[in-house]
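Have a look at the screen, and I'll walk you through a few spots I picked out.

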Amino acid sequence: MNKVRQILFNWQCQQQPKRTVVIHPWEDVRTVAIIHDSVDVSHIAQAIEKGDRIVDVFQHPTQQEIQWLTGKPKNQLLDKLQRIHYDLLIDLTQQPSITMLYMAMLIKADFKTGRHTCEGIHDMTINTPPRDSADYLYQQILHYLQMLTTSY
């Protein structure tokens with residue numbers, strides 16, 4: 001089943017329209033989507049919101065919200081994921097998951113970043129092993145985003 005899901009995901013990935021990648025300076029980011037696989041990220045979302053940003057947090061869906069064959073989120077969840085075009089997607093997923101890769105791929109965002117788990121989904125990846133907390137990954141993402149946007 002995992003092999004079938006991987007093949008279907010790779011095919012879907014190739015079918016996606018080409019994105020124009022835009023990296024906004026951190027202080028100009030207004031809308032942020034955070035996805036995660038059930039670790040507590042509420043303190044991270046609150047810290048981001050202090051910059052007068054809109055933050056939407058999506059966690060790993062339940063089995064009822066996932067298509068059984070593909071692992072792709074069902075349409076009701078996809079509608080929520082694609083309702084807003086975000087300036088930034090922060091993927092704090094710690095464990096590899098086809099479902100979370102679908103979510104990262106299908107969220108509309110100018111710039112997508114997260115832990116390195118798959119080629120072609122994120123515009124910037126951080127190569128770090130999975131951890132019990134998303135804090136380290138978030139700090140690394142923030143550090144490199146700020147480095148990138150201040151070098152312009």
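So, serine 97 caps the N-terminal end of helix 4, with a side-chain oxygen 3.3 Å from the backbone nitrogen of threonine 99. Before I go on: this is a predicted model, where local features need pLDDT of at least 70 and side-chain atom pairs count only at pLDDT 80 or more, while totals for chains, interfaces and linings use all residues. Residues are numbered from 1 along each chain as its sequence is written, and side-chain values use heavy atoms, with hydrogens and water left out.

Helices here are DSSP runs of H or I, at least four residues, and strands are runs of E, at least two, numbered from the N terminus. Helix 4 covers residues 98–106, and nine of its nine residues are buried; buried means under 20% relative accessible area, exposed over 50%, partly exposed in between, with a 1.4 Å probe and protein chains only. Among them are Ile98, Tyr102 and Met105. What does the covering? The list includes helix 1 (2–15), helix 3 (75–81), and strands such as strand 1 (31–36) and strand 4 (109–115).

Now threonine 70, in the loop between strand 2 and helix 3. Why does threonine 70 count as buried? Because its relative accessible area is 15%. Threonine 70 touches Ile98 and Tyr102, and also Arg5 and Leu8, not counting residues up to four places away in sequence; contact means heavy atoms within 4.5 Å. Its side chain also makes a polar contact with the side chain of glutamine 67, at 3.2 Å. That term means a pair of N or O atoms within 3.5 Å; within protein, one must be able to donate a hydrogen and the other to accept it, and residues adjacent in sequence count only if both atoms are side-chain atoms. And the backbone nitrogen of lysine 72 is 3.0 Å from a polar atom of the threonine 70 side chain.

Which residue has a positive phi although it is not a glycine? Aspartate 52, at about 60 degrees. For context, most residues other than glycine have a negative phi. Aspartate 52 belongs to the loop between helix 2 (42–49) and strand 2, and it counts as exposed because its relative accessibility is 64%.
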